[in-house]
Each structure stands twice: as C-alpha cells, then as structure tokens.
Amino acid sequence: MNFQPLGKRVLVKRVEETKTTASGIIIPDNAKEKPLNGEVVAVSKEVEDIKAGDKVVFAKYGGSEIKLDNEEYLVLNTDDILGILK
C-alpha cells in the first residue's frame, strides 16, 4: 500500500472489536457499531503531533472510508481525532 494523506489528515486502520461477550454470546456484525479507535498508518507532512503507529480515538461520524489492497481504512482530518491512547 502506498498512500500519503494530504492537508492535515491521517490514515487510520480501525481496531477490530471482539465478536463475543464475556459470557460467550456471539455478536453478529450487523448488531454492533464500528469501533471509534484505531492505529495510525500514515500521516501527512503537515501533521506534527501524531505519528504512524499511534493508537487514536476519533469522532463517531468523522472521516472518509476508503479501501486499499482489500483492506478498509479511514482518512481523518486531525480535528476529528479526539486523543491518543497511551
């Protein structure tokens, strides 16, 4: 994959949530919400405080979904990133 975000944007891969509850109940894909956190894969040259590999939390309705090499990613404006998980 070769993708360079432009402007103040980052490329994020969502972190997959577990599909089973603690009690063993399997949650179907259509019954759960998409996760609101992920790992930064690529960063534009204009972004200084976020780097590739950071785990971030982002706004529920932020970003644009794209597909690269049969993988789904999210292109987020830095304003849609709420924070970095440490």
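## Buried, exposed, or in between

Let's start with a word we'll need a lot: a residue is buried when its relative accessible area is under 20%, exposed when that value is over 50%, and partly exposed in between, using a 1.4 Å probe and counting protein chains only.

Some ground rules before going on. This is a predicted model, in which local features need pLDDT of at least 70 and side-chain atom pairs count only at pLDDT 80 or more, while totals for chains, interfaces and linings use all residues. Residues are numbered from 1 along each chain as its sequence is written, and side-chain values use heavy atoms, with hydrogens and water left out.

## The overall picture

The protein has 0 helices and 6 strands. Here, helices (H or I, at least four residues) and strands (E, at least two) are DSSP runs, numbered from the N terminus. Going along the sequence, you'd read the pattern as β-β-β-β-β-β.

Of the protein's 86 residues, 28% count as buried. The accessible surface comes to about 6200 Å², and 50% of that belongs to carbon and sulfur atoms; areas like this come from the Shrake-Rupley method with a 1.4 Å probe, and for residues, only the protein chains shown count as cover. As for contacts (heavy atoms within 4.5 Å), residues 24 or more positions apart account for 58% of those with a separation of 6 or more.

The 6 strands form an open sheet in the order 4-5-1-2-3-6, with antiparallel pairing. Two strands pair if DSSP finds at least two bridges between them. Strand 4 and strand 6 (81-85) stand at the edges with a single partner strand each, so one side of each has no neighbour in the sheet. On average, neighbouring strands are turned by 45 degrees against each other, direction ignored. The axes behind such angles are lines fitted to C-alpha atoms (for helices, over the stretch in contact), and angles run from 0 to 180 degrees between N-to-C directions.

Now for some of the pairs. Strand 4 and strand 5 are antiparallel and share 5 bridges, and Lys67 has Glu72 in strand 5 as its bridge partner. Strand 1 and strand 2 are also antiparallel, joined by 5 bridges, while 3 bridges join strand 2 to strand 3. In strand 3, Val56 is the residue opposite Gly38.

## A closer look at Glu39

Glu39 lies in strand 2, and Lys13 stands opposite Glu39. These two are 26 residues apart in sequence, yet their C-alpha atoms are 5.4 Å apart in space.

Is Glu39 buried, exposed or partly exposed? Its relative accessible area is 33%, so Glu39 counts as partly exposed. Leaving out residues up to four places away in sequence, Glu39 touches Leu11, Val12, Lys13, Val15, Gly53, Asp54 and Lys55.

## The nonpolar cores

A nonpolar core is a set of buried Ala, Val, Leu, Ile, Met, Phe, Trp, Tyr and Cys residues joined through side-chain atoms within 4.5 Å. In soluble globular proteins, nonpolar side chains tend to be buried together. The largest core here has 11 residues: Val10, Val12, Val40, Val43, Val47, Ile50, Val56, Phe58, Leu74, Leu76 and Ile81. Strand 1 (9-14), strand 2, strand 3 and strand 5 each give two or more residues to this core. Apart from it there is another core of 5 residues, including Leu11, Ala42, Leu68 and Tyr73.

Not counting residues up to four places away in sequence, Val12 touches Gly38, Glu39, Val40, Val41, Val56, Phe58, Tyr73, Leu74 and Leu76.

## Two loops worth a look

Back to Ser44, which sits in the loop between strand 2 (37-43) and strand 3 (55-58). What does the side chain of Ser44 reach? It comes to 2.3 Å from the backbone oxygen of Gly7. Beyond its neighbours within four places in sequence, Ser44 is in contact with Gln4, Pro5, Leu6, Gly7, Lys8 and Arg9.

The loop between strand 4 (64-68) and strand 5 (71-77) holds Asp69 and Asn70. Asp69 is exposed at 57% relative accessibility, and Asn70 is exposed at 71%. Neither is a glycine, but phi is positive in both: near 50 degrees for Asp69 and about 60 degrees for Asn70.

Conventions:
A polar contact is a pair of N or O atoms within 3.5 Å; within protein, one must be able to donate a hydrogen and the other to accept it, and residues adjacent in sequence count only if both atoms are side-chain atoms.
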